[in-house]
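This report walks through one protein model, with attention to its domains, the contact between them and a few pairings of side chains and strands. Please keep the sequence and the structure in view while reading.

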Amino acid sequence: MKSITLTQFLTEERRAGHGNTDLNQLLEVVARACKRIGVATGKGALGGVLGEAGSENIQGEAQKKMDVLSNEILLDANAWGGHLAACASEEMEDPQQIPDAYPKGGYLLLFDPLDGSSNIDVNVSVGTIFSVLKRPENSGDDAATSEFLQAGREQVAAGYVVYGPSTVLVLTIGHGSHVFTLDREVGSFILTQRDAKIPQETSEFAVNMSNQRHWEPPMQRYVGDLLAGEQGPRGRDFNMRWVASMVADVHRILTRGGIFSYPIDASIREQGGKLRLMYEANPMAFIVEQAGGAASTGRGRIMDIQPDALHQRVPVFLGSREEVETAERYHRETPH
Ligand code: P6P
């Protein structure tokens with residue numbers, strides 16, 4: 001079968017009225033940057049990019065060398081194209097404006113340049129997550145942080161690249177979620193699954209069980225009933241997976257179903273949760289919803305949240321629609 005490259009796919013989508021030349025260029029630049037990130041992560045210990053960078057990010061987290069390098073790769077790649085006004089990143093407190101030497105465009109790009117980077121030193125899959133917003137009308141020259149604070153339903157595109165046994169890009173521009181696998185010999189992302197769909201029902205959940213003692217009562221009950229299996233209220237056994245790399249966990253769920261959750265708990269209540277809304281939860285929610293799944297805080301749709309801070313965190317339940325709705329029911333029905 002003739003292979004369809006990312007370029008051809010985006011061109012055909014544009015002809016069908018989905019997306020436009022500027023957005024297509026932005027997405028191809030991001031995909032190319034991710035190929036470079038994939039090459040760097042693939043070198044492992046031979047690339048001199050493992051271990052700590054000796055610095056902290058805005059989150060107060062120790063940065064890995066690859067966090068810093070991945071961030072730089074994405075910023076450099078997106079500086080000159082003329083399709084962007086600014087970039088926001090998990091690794092930077094404030095958005096970085098497109099340099100004055102280059103024209104500014106109508107889009108805003110947000111990313112977690114290397115999600116799950118704590119896994120990089122132990123050779124477990126990591127990934128890049130990105131989200132694209134339109135600049136508000138009548139914006140000034142520089143893109144203020146406030147321009148980024150748009151609800152997830154305003155996203156015009158979102159995607160992730162998982163650097164695993166194969167390098168896989170999953171992308172949505174609002175008409176389905178589509179899977180591209182990198183042909184490493186040619187250097188092209190090839191369409192390998194058009195319009196991926198997440199099974200509505202699942203018997204597989206992903207959560208960091210070591211936080212159980214900190215969970216709120218609804219989460220205690222929900223997971224307790226999953227663990228009770230066939231003899232319990234759910235009437236069937238469940239399996240558990242936890243990679244501790246959101247991109248890897250979400251890609252498994254996109255591929256075979258499941259529910260991913262990082263709920264609020266007593267140890268992270270102050271921060272509002274673990275995962276970041278703007279460049280983790282929102283883009284993953286867009287991709288999952290476009291694949292027929294659901295993405296919730298446990299009490300409401302993630303993509304309806306009106307952000308009030310660039311790095312705000314939210315509780316996350318996403319994946320197989322019926323299971324997310326079940327988790328929401330536990331939150332509605334359990335006094336806490
Ligand atoms: P924990 C990685 O740091 C991350 O942001 C997500 O990729 C991942 O799902 C989660 O945190 C892992 O958290 O508590 O298991 O280390």
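## Salt bridges and the model

A salt bridge is counted here when a side-chain nitrogen of Lys or Arg lies within 4 Å of a carboxyl oxygen of Asp or Glu. Glutamate 61 and arginine 276 form such a salt bridge, with their closest N and O atoms 3.1 Å apart. The model in which this pair is found is a predicted one, and the structure as a whole holds 21 salt bridges.

Another of these pairings is that of aspartate 121 with lysine 64, whose side chains meet in a salt bridge at 2.8 Å, N to O. Because aspartate 121 lies in the loop between S5 and S6 while lysine 64 belongs to strand S2 (residues 62-64), this pair ties together parts that are 57 residues apart in sequence.

The domain assignment of the protein gives domain 1 (6-193) and domain 2 (204-333), and the centres of domain 1 and domain 2, taken over C-alpha atoms, are separated by 24 Å. To the contact, domain 1 contributes 48 residues and domain 2 contributes 31 residues.

The size of an interface is often given as the accessible area lost when the parts come together. For domain 1 and domain 2, the area buried between them is about 2900 Å², of which 61% is on carbon and sulfur atoms. Three salt bridges are found across the interface of domain 1 and domain 2, and 17 residue pairs are in polar contact across that interface, both residues being at pLDDT 80 or more.

## The side of domain 1 that touches domain 2

Several elements each supply at least two residues of the side of domain 1 that touches domain 2, among them strand S3 (84-89), strand S5 (107-115), helix H4 (145-148) and strand S9 (177-183). The most is given by S6, with seven residues. By residue class, this side of domain 1 divides into 24 nonpolar, 18 polar and six charged residues.

## A five-stranded open sheet

Five strands form an open sheet in the order S12-S11-S13-S17-S15, with mixed pairing. Its edge strands are strand S12 (239-240) and strand S15 (294-296), each of which pairs on one side only.

Within this sheet, strand S13 (residues 259-262) and strand S17 (residues 316-319) run antiparallel and are joined by four bridges. Phenylalanine 260 stands opposite leucine 318 in S17.

Conventions. Residues are numbered from 1 along each chain as its sequence is written. This is a predicted model: local features need pLDDT of at least 70, side-chain atom pairs count only at pLDDT 80 or more; totals for chains, interfaces and linings use all residues. Side-chain values use heavy atoms; hydrogens and water are left out. Domain bounds come from an automatic or database domain assignment. Contact means heavy atoms within 4.5 Å. Buried area is the accessible area (1.4 Å probe) that two parts lose on being put together, summed over both. A polar contact is a pair of N or O atoms within 3.5 Å; within protein, one must be able to donate a hydrogen and the other to accept it, and residues adjacent in sequence count only if both atoms are side-chain atoms. Ala, Val, Leu, Ile, Met, Phe, Trp, Tyr, Cys and Pro count as nonpolar, Asp, Glu, Lys and Arg as charged, and the others, Gly among them, as polar. Two strands pair if DSSP finds at least two bridges between them.
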